[in-house]
Amino acid sequence: MKVKIFEAEHSAALESEVNRWLQDNSWVKIQTITQSSGSKTLISIWYQEPDVPILG
């Protein structure tokens, strides 16, 4: 399992960045999404990549 972490001071910028990543990586299988807040907001997306051979 892999994790992608996003952080930003402003929620609008964070939302835009997360949505862009999800759209660009629609082939991954999302396992868990967590959010924590403090001076910055962090969103962690835990995911798995499909088990397919790489075509050369």
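**How the sheet and the helix are assigned**

Tutor: In this predicted model, an open sheet of 3 strands has the order 1-3-2, and its pairing is antiparallel. The edge strands are strand 1 and strand 2, each of which pairs on one side only.

Student: What holds paired strands of a sheet together in general?

Tutor: Strands of a sheet pair through backbone hydrogen bonds, either parallel or antiparallel.

Student: How does the reach of helix 1 compare with the expected value?

Tutor: Helix 1 covers residues 11-24, which is 14 residues. From its first C-alpha to its last it reaches 20 Å, close to the 20 Å expected at 1.5 Å a residue.

Student: Why are the buried residues of helix 1 said to line one face?

Tutor: The buried residues in helix 1 are Leu14, Val18 and Trp21. Seen down the helix axis, they fall within an arc of 65°, so they line one face of the helix. On the other side, Ala12, Glu15, Gln23 and Asp24 are exposed. Buried here means under 20% relative accessible area, and exposed means over 50%.

Student: What covers the buried residues of helix 1?

Tutor: The cover includes strand 1 (2-8), strand 2 (29-37) and strand 3 (41-48). Helix 1 lies across these three strands and runs at about 155° to strand 1. Leu14 gives a detailed example: among the residues that Leu14 touches are Phe6 and Ala8, as well as Thr41 and Ile43.

Student: Which residues make up the largest nonpolar core?

Tutor: It has 9 residues: Phe6, Ala8, Leu14, Val18, Trp21, Val28, Ile43, Ile45 and Tyr47. Strand 1, helix 1 and strand 3 are the elements that give two or more residues to this core. To be called a nonpolar core, such residues must be buried and joined through side-chain atoms within 4.5 Å.

Conventions: Residues are numbered from 1 along each chain as its sequence is written. This is a predicted model: local features need pLDDT of at least 70, side-chain atom pairs count only at pLDDT 80 or more; totals for chains, interfaces and linings use all residues. Side-chain values use heavy atoms; hydrogens and water are left out. Helices (H or I, at least four residues) and strands (E, at least two) are DSSP runs, numbered from the N terminus. The expected span of a helix is 1.5 Å times one less than its number of residues. Buried means under 20% relative accessible area, exposed over 50%, partly exposed in between (1.4 Å probe, protein chains only). The arc is that of the directions from the helix axis to the C-beta atoms. Contact means heavy atoms within 4.5 Å. Two strands pair if DSSP finds at least two bridges between them. Axes are lines fitted to C-alpha atoms, for helices over the stretch in contact, and angles run from 0 to 180 degrees between N-to-C directions. Lists of a residue's contacts leave out its neighbours within four places in sequence.
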